[in-house]
Amino acid sequence: MLIDAKTWTAAPEEIGEIARRAEEMGFAGFWNNESAHDPYMGMALAATATSHIDLGIAIALAFPRSPTIAATSAWDVQRVSRGRFILGLGTQVKAHITRRFGMPWGPPAPRMREYVQAVRALWDCWQDKKPLNFAGQHYAINLVNPEFNPGPIFFPRPPIYLAGAGPRMVRLTGELATGILVHPLNSVRYLKEAVLPGLREGAARAGRNLDDIVVCSSVFVITGRSKAERAEQRRSVRRKLAFFASTPTYRATLLDPYGWGEINERLNQLAKQGKWDEMEPHVPEDMEAAMAVTGEWDELLPQIRRRYEGLVHRMHLYLDFRPGEQDEFWRTFARGIHG
């Protein structure tokens with residue numbers, strides 16, 4: 001199991017140094033995501049500051065961009081990183097696509113299928129000079145002039161990981177993608193009962209094996225050098241769990257099967273009322289225990305390996321990796337990576 005680092009909040013001028021420190025500490029991969037800044041720019045800057053660490057976006061939003069824009073950005077980052085880039089794509093929820101980006105919404109899984117196929121068709125055109133004539137229900141792309149063709153690169157096409165939570169996206173990932181980015185609201189039981197069977201089913205449809213798909217996940221951690229630090233981090237983790245568990249979209253897949261469905265209703269009502277500070281007490285202890293690892297700094301990595309070995313290929317903490325913040329913790333944690 002590879003151990004990665006991830007930043008959620010880094011500004012463009014910071015991300016190169018953060019990636020360099022992750023590489024220096026021995027992490028196998030470094031991830032950013034799409035929040036307040038462009039994730040492709042961040043990865044390009046990380047690429048110029050590092051030499052061998054894997055670089056990935058988890059996730060870049062697919063539907064606000066055309067497949068051509070995503071394909072071009074990923075192609076450029078793969079070139080700059082000399083073949084170290086992983087393109088992680090996700091759908092987001094309807095409200096963000098329509099209200100935040102002003103883009104149309106449609107069935108996510110069928111649309112994502114075409115999106116990935118269109119991106120790969122563009123790469124085939126640029127790399128192997130194959131005719132570009134992608135035609136689907138959601139996307140039709142058939143125009144490429146020489147001045148708009150970036151041409152071949154001397155590295156493999158970027159692997160595509162898909163963010164999957166519900167059964168349709170998980171099966172699609174097994175059928176089509178190189179890897180899956182498991183939702184943060186996950187547990188060992190969810191991995192065993194939903195993710196791996198769904199990936200296996202999707203892979204079988206395409207004549208693939210489960211071993212062909214990289215499972216990439218995150219885990220919440222509760223730790224600290226003092227009782228007060230541990231208590232504060234526990235509250236922080238529980239607030240994040242409450243935020244995720246308040247989303248109606250996640251109820252059927254991530255909550256109902258494990259007896260937490262009713263919690264979603266209470267948390268969703270509090271979220272609608274803007275009562276964010278009142279949500280954390282509603283997170284049950286068994287949810288916390290299933291989705292977070294608790295221990296001293298040097299105990300976390302052995303616990304993570306015992307819990308997830310054989311289920312997950314790549315793992316990162318759901319904790320912002322920021323040099324200059326919690327450096328002693330990160331150095332202690334990183335010492336165990338190659339142990």
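This is a predicted model: local features need pLDDT of at least 70, side-chain atom pairs count only at pLDDT 80 or more; totals for chains, interfaces and linings use all residues.
Residues are numbered from 1 along each chain as its sequence is written, and side-chain values use heavy atoms, with hydrogens and water left out.

**Exercise 1. Find where Gln78 sits, and decide: buried or exposed?**

Step 1: Look in helix 3 (residues 67-81), the place of Gln78. Helices (H or I, at least four residues) and strands (E, at least two) are DSSP runs, numbered from the N terminus.

Step 2: Check the accessibility. Buried means under 20% relative accessible area, exposed over 50%, and partly exposed in between (1.4 Å probe, protein chains only). Gln78 counts as buried because its relative accessibility is 1%.

Step 3: List the neighbours, with contact meaning heavy atoms within 4.5 Å. Leaving aside residues up to four places away in sequence, Gln78 touches Gly83, Arg84, Phe85, Ile153, Phe155, Pro156, Arg157 and Pro158.

**Exercise 2. Work out how Phe63 and Tyr115 are arranged.**

Step 1: Know the rule. Rings of Phe, Tyr and Trp (its six-membered ring) pair if their centres lie within 6.5 Å; planes under 30 degrees apart count as stacked, over 60 as edge-to-face and the rest as tilted. The whole structure holds 20 aromatic pairs.

Step 2: Apply the rule. Phe63 and Tyr115 are 6.3 Å apart centre to centre with 65° between the planes, an edge-to-face pair.

Step 3: Phe63 is in the loop between strand 3 (54-61) and helix 3, and Tyr115 is in helix 5 (residues 108-128), so the pair links distant parts of the chain, 52 residues apart. Both Phe63 and Tyr115 are buried.

Step 4: The charged end of Arg111 sits over the ring of Phe63, 4.3 Å from its centre. The rule here is NZ of Lys or CZ of Arg within 6 Å of the ring centre and within 35 degrees of the ring normal.

**Exercise 3. Do likewise for Phe244 and Tyr318.**

Step 1: This pair is edge-to-face too, at 6.0 Å centre to centre and 85° between the planes.

Step 2: Phe244 belongs to helix 8 (residues 227-245), while Tyr318 is in the loop between strand 11 (314-317) and helix 13 (327-335), 74 residues apart.

Step 3: Phe244 is buried, with a relative accessible area of 11%, and Tyr318 counts as buried at 16%.

Step 4: Widen the view. Phe244 and Tyr318 belong to one aromatic cluster with Trp8, Phe220, Phe243 and Trp276.

**Exercise 4. Describe the largest pocket.**

Step 1: Get the terms. On a 1 Å grid over the protein atoms alone, a pocket is an open set of points with protein on both sides within 12 Å along at least five of seven lines; lining residues have an atom within 4 Å of a point. Grid points are joined across faces, edges and corners, and a volume is the space filled by probe spheres set on the points.

Step 2: Read the volume, about 1,500 Å³ for the largest pocket. Of its 50 lining residues, Gln92, Val93, His183, Phe244 and Tyr250 are the closest to the centre.

Key:
On a 1 Å grid over the protein atoms alone, a cavity is a set of points where a 1.4 Å probe fits but cannot get out, and a pocket is an open set with protein on both sides within 12 Å along at least five of seven lines; lining residues have an atom within 4 Å of a point.
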